Amino acid sequence: MQKLTYINAYGESLVFGAEPPVLLRSVSGLGRPEAKVIKTQGAYQAGEMFSRLQLPARYVQVQFDIPPLVSREAMYEQRMRIERILSASRSMRGDEIGTLVYENDAGAWLARAVPEGSISYGKRFKDGITTSKMSFYCPDAYLQARESNKDSM
């Protein structure tokens, strides 16, 4: 079981999962980000001085399908609903931005996120759309656990 939910700044959500209306094909960018080594080198210094490690922002890529619906009109209504939820104007509200929630059999994690760019829709097949792609920009490198875990010592 793998599921990705985007909740925009206005509380509207879109679920990419194993059930219609939006089927999750694949998700990437949730692993450990590549750390950048920050170092300095003085004049005529042999070698370098290590300063710190810096984690970059996270980019999450999603591939999904919109399975065939009852009519072409219903497919375009679903597409417009997806566009509204993922629109740039609804991804921010003051200082607040949307949230991306990733769930699998091991647990659930969340990150602040906004959709980056537009959706690249795949081919229309009957009254559905296959192999669509989009990307989310997460300014924080870390994923937070949805539930806090406590243990007494």
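Reply: Gladly. A strand here is a DSSP run of E with at least two residues, numbered from the N terminus. Thr131 is found in strand β11. Keep in mind that this is a predicted model.

Me: Why is Tyr44 called exposed?

Reply: The cut-off for exposed is over 50%. Tyr44 has 87% relative accessibility, therefore it counts as exposed. You will find Tyr44 in the loop between β4 (36-40) and β5 (49-54). Tyr44 also has a positive phi, about 60°, although it is not a glycine.

Me: Which label does Pro68 get, and why?

Reply: Pro68 has a relative accessible area of 53%, and because exposed means over 50%, Pro68 is exposed. Pro68 sits in the loop between β6 and α1. Leaving aside neighbours within four places in sequence, Pro68 is in contact with Phe125, Asp127 and Gly128.

Me: How far is Pro68 from Pro21 in sequence and in space?

Reply: They are 47 residues apart in sequence, and 9.1 Å apart in space from C-alpha to C-alpha. Pro21 belongs to the loop between β2 and β3. The peptide bond leading from Pro20 to Pro21 is cis, with omega near 20°.

Me: Is Asn8 buried or exposed, and what makes it so?

Reply: Asn8 has a relative accessible area of 3%; buried means under 20%, so Asn8 is buried. Its place is in the loop between β1 and β2. Not counting residues up to four places away in sequence, Asn8 touches Ile85, Arg90 and Gly98.

Me: How do you know that the side chain of Asn8 makes a polar contact with Tyr10?

Reply: The side chain of Asn8 reaches the backbone nitrogen of Tyr10 at 3.0 Å. The limit for a polar contact is 3.5 Å, so this distance falls within it.

Me: What goes into the largest nonpolar core?

Reply: It has 26 residues, and those with the most contacts inside it are Phe16, Val62 and Phe136. Among the elements that give two or more residues to this core are β1 (2-7), β6 (58-66), α1 (72-85) and β11 (128-138). Not counting residues up to four places away in sequence, Phe16 touches residues including Leu24, Val62, Phe64, Met134 and Phe136.

Me: How many cavities of 30 Å³ or more are there?

Reply: The count comes to one. The largest cavity has a volume of about 30 Å³. Rolling a probe the size of a water molecule over the atoms shows where empty space is left.

Me: What makes up the lining of the largest cavity, by class?

Reply: It has nine nonpolar, no polar and no charged residues. Leu4, Tyr102, Trp109 and Cys138 are among them.

Key. Residues are numbered from 1 along each chain as its sequence is written. This is a predicted model: local features need pLDDT of at least 70, side-chain atom pairs count only at pLDDT 80 or more; totals for chains, interfaces and linings use all residues. Side-chain values use heavy atoms; hydrogens and water are left out. On a 1 Å grid over the protein atoms alone, a cavity is a set of points where a 1.4 Å probe fits but cannot get out, and a pocket is an open set with protein on both sides within 12 Å along at least five of seven lines; lining residues have an atom within 4 Å of a point. Grid points are joined across faces, edges and corners, and a volume is the space filled by probe spheres set on the points. Ala, Val, Leu, Ile, Met, Phe, Trp, Tyr, Cys and Pro count as nonpolar, Asp, Glu, Lys and Arg as charged, and the others, Gly among them, as polar. A nonpolar core is a set of buried Ala, Val, Leu, Ile, Met, Phe, Trp, Tyr and Cys residues joined through side-chain atoms within 4.5 Å. Buried means under 20% relative accessible area, exposed over 50%, partly exposed in between (1.4 Å probe, protein chains only). Helices (H or I, at least four residues) and strands (E, at least two) are DSSP runs, numbered from the N terminus. Contact means heavy atoms within 4.5 Å. A polar contact is a pair of N or O atoms within 3.5 Å; within protein, one must be able to donate a hydrogen and the other to accept it, and residues adjacent in sequence count only if both atoms are side-chain atoms.
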